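Here is a short report on one model. It covers a sheet, a core and a loop.

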Amino acid sequence: MTTRVLASHAVAALLISVGCNTTNTYTSNGNGGYTSVVTNGWLAYKATVDNVREGKLDDGTMKVQVDVRSDQLNPQRFNYLFEWYDAQGMKIDSATATWQNRFIKPQETITLSAVAPTRTCSRWVLKLSDEKQPFTPNN
């Protein structure tokens, strides 16, 4: 009986750790809106997208602001990354496309901002990752 209980706890811990090591992804639809793929429910409590604003700089370069809200009762940290794509769906590499770490207070909404690396960018993808879980650049 003890072995069965320990085994079930081990399986539950493994499932939790695997389930939390995922990113929640928000993708622009090209019309000022976005679609989301939430694979980590706990992370969605820590940081979830509420609103998106898109615009252009004077030279035509795309910019985006994303409001992220926390439903937690304690301060939290999360990581985020903006990726940019051209009209053909090709990823545009950028030296500034690195994971960033943010702190968010309980029940707070913060704004994440990004500017496309080139004028050819027409779409963005925002990836959120749990700060307490390891992540790789390919998440």
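## The open sheet

In what order do the strands of the open sheet of 3 strands run, and is the pairing parallel or antiparallel? The order is β3-β4-β8, and the pairing is antiparallel. This comes from a predicted model. β3 and β8 are the edge strands. Each has a single partner strand, so one side of each lacks a neighbour in the sheet. From one strand to the next, the twist averages 20 degrees.

The β3 to β4 pairing can be followed residue by residue. The two strands run antiparallel and are joined by 8 bridges. R53 has Q65 in β4 as its bridge partner. Strands of a sheet pair through backbone hydrogen bonds.

## The nonpolar core

The largest nonpolar core has 23 residues. F78, F82, W124 and L126 touch the most other members. Two or more residues come from each of β3 (48-56), β4 (62-69), β5 (76-86), β8 and β9 (121-130). In soluble globular proteins, nonpolar side chains tend to be buried together.

F82 shows the contacts in detail. Leaving out residues up to four places away in sequence, F82 touches V64, V66, A97, L112, S113, A114, W124, V125 and L126.

## The loop at Q107

Q107 sits in the loop between β7 (100-104) and β8 (109-115). Its phi is near 60 degrees, a positive value in a residue other than glycine.

Notes: Residues numbered from 1 in each chain as written. Predicted model: local features only at pLDDT ≥ 70, side-chain atom pairs only at ≥ 80, totals over all residues. Heavy atoms only, no water. Helix = DSSP H or I, 4+ residues; strand = E, 2+ residues; numbered from the N terminus. Core = buried A, V, L, I, M, F, W, Y, C linked by side-chain atoms within 4.5 Å. Buried < 20%, exposed > 50% of the residue type's maximum accessible area, 1.4 Å probe, protein only. Contact = heavy atoms within 4.5 Å. Pairing = 2+ DSSP bridges. Axes fitted to C-alpha atoms, helices over the stretch in contact; angles between N-to-C directions.
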